[in-house]
Amino acid sequence: MLKGKHIVLGISGGIAAYKSAHLLRLLVKRGAEVQVVITPAGKEFITPVTLSALSGKPVVSEFFTANSGEWHSHVDLGLWADLMVIAPATASTIGKMVSGVADNMLVTTYLSAKEHVMVAPAMDLDMWAHPSTRRNIETLRADGVEIIEPASGELASHLVGKGRMEEPEKIVERVESFFRRSASLEGRKVVITAGPTYERIDPVRFIGNFSSGKMGFAIAEECAARGADVALVAGPVSLSAASPRIRRIDVESAVEMHDVALRECSDADVAIFAAAVADYRPACVAESKLKREGAEEMTVELVRNPDIAADCGRRKRPGQVFVGFALETDSGLDQAVSKLERKNLDMVVLNSLKDKGAGFRTDTNRVTLVTRDGEAAFPLKSKRDVAADIIDAVERMAGYGQP
Ligand code: CTP
């Protein structure tokens, strides 16, 4: 499964470092080439001799080899790696990763890593629960880092609680699942609409909505991480897409988004309509700024915008999988089912504005995936994890990766 895969194993200074030897052995046994990078504190817990014997490679820890002056290039290591796993990651290493404090080889390698990064934290329960750690973990998640949550149990302090590094076997499962997923959409084209649309009233005003685009961008990153060619049709948002596999097409209005989406969907395998499209636009756009002098009231006449999902759905060919969203103020199952039919979609992602942590501008979401076969409700998760659930369901529905 891991044959020929290049993995950088980062080890920082915690008691759990002794488990890293076992993790390293499991990875090597499955055929991975593993390069260990250890922090100075890590060496207090496990020796480089053990690690280099298990990996068959010298362990990297210093920027230079003391006697020869040979420079160890973190950039080369970052490019070499297909995956970086930091296990254990202490509170201090996590803090340095978040703020870019590049004072050791592990953090410099992390900052140069081009591919996916997984972090398995290990610390005392109070440190894990501290607001500083909570903030840092959320920042890492937002940066696209996969967090392997610590388990509960007895800790080095003899206290019992959450903070134990996840067991090496479980970490290996996550590594294998990452490599399985990373190719699951290879050769597929995925079109995603994201963000709000702005409908101009005059040169300085528009009708818009509170959509931040975060859900659509998370889906785009998830698809790119699985090897898809992604066309991201983005309304006005202040987000940037990290993956080079994402081709971003910026639009402003629903009419512009409609034109681009129709064109892009014609040869797509999957389309996901995550944009919060304005249903109406001003019937005419004033050429100069509207003045308020003398006018006690103002009426803007609105006309209907095209329904992008429905128009693409009408042209859907066999084999294409199209997914829409339904943001409702109530539970909205009936509306989701009706949108599925009306727009000729294969799945509707239902979320409710009534749910705490779901909807606009949050980093989390709670969704129910509605298909013609029934519905599946998921708990509150980060938008990136929600994106993974949505894409897992799409892949199952499309039969990707199945013999
Ligand atoms: N959608 C679209 N074009 C529109 C309106 C909606 O592509 N003009 C898409 C959204 O991206 C979403 C789905 O249709 O995937 C449902 O959007 P929503 O606004 O909830 O549905 P509407 O059809 O506008 O119904 P209503 O607002 O009446 O609930």
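Ala, Val, Leu, Ile, Met, Phe, Trp, Tyr, Cys and Pro are counted here as nonpolar, Asp, Glu, Lys and Arg as charged, and the others, Gly among them, as polar. The structure is a predicted model. In these terms, the lining of the largest pocket comprises 16 nonpolar, nine polar and 14 charged residues. The volume of this pocket is about 1,400 Å³. It is lined by 39 residues, of which Asp-143, Gly-144, Glu-221, Ala-242 and Arg-384 are the closest to its centre. Elements that give two or more residues to this lining include helix 5 (105-112), strand 4 (116-121) and helix 13 (383-398). Helix 9 contributes the most, with six residues.

The second largest pocket has a volume of about 970 Å³. Its lining has 38 residues, and those closest to the centre are Ala-275, Ala-276, Val-277, Phe-325 and Leu-327. Strand 16 gives the most to this lining, with four residues. By class, the lining holds 17 nonpolar, 12 polar and nine charged residues.

The ligand takes up the space of the second largest pocket. Helix 11 (308-314), strand 16 (321-328) and helix 12 (333-342) each give two or more residues to the shell around the ligand. This shell consists of seven nonpolar, one polar and five charged residues. Of the 13 residues around the ligand, Phe-273, Ala-275, Phe-325, Lys-339 and Lys-343 come nearest.

A polar backbone atom of Phe-273 is 2.6 Å from a ligand oxygen, and a backbone N or O atom of Phe-325 is 2.7 Å from one. For Lys-343, a polar side-chain atom lies 2.6 Å from an oxygen atom of the ligand. The ligand taken alone exposes 570 Å², of which the protein buries 77%.

Notes:
Residues numbered from 1 in each chain as written. Predicted model: local features only at pLDDT ≥ 70, side-chain atom pairs only at ≥ 80, totals over all residues. Heavy atoms only, no water. Near = heavy atom within 4 Å. Polar contact = N/O pair within 3.5 Å; in protein donor to acceptor, adjacent residues only side chain to side chain. Areas by Shrake-Rupley, 256 points an atom, 1.4 Å probe, with all protein chains shown as cover. 1 Å grid on protein atoms, 1.4 Å probe; cavity = no way out; pocket = protein on both sides within 12 Å on 5 of 7 lines; lining within 4 Å. Sits in = over half its atoms within 2 Å of the grid points. Points joined across faces, edges and corners; volume = space filled by probe spheres on them.
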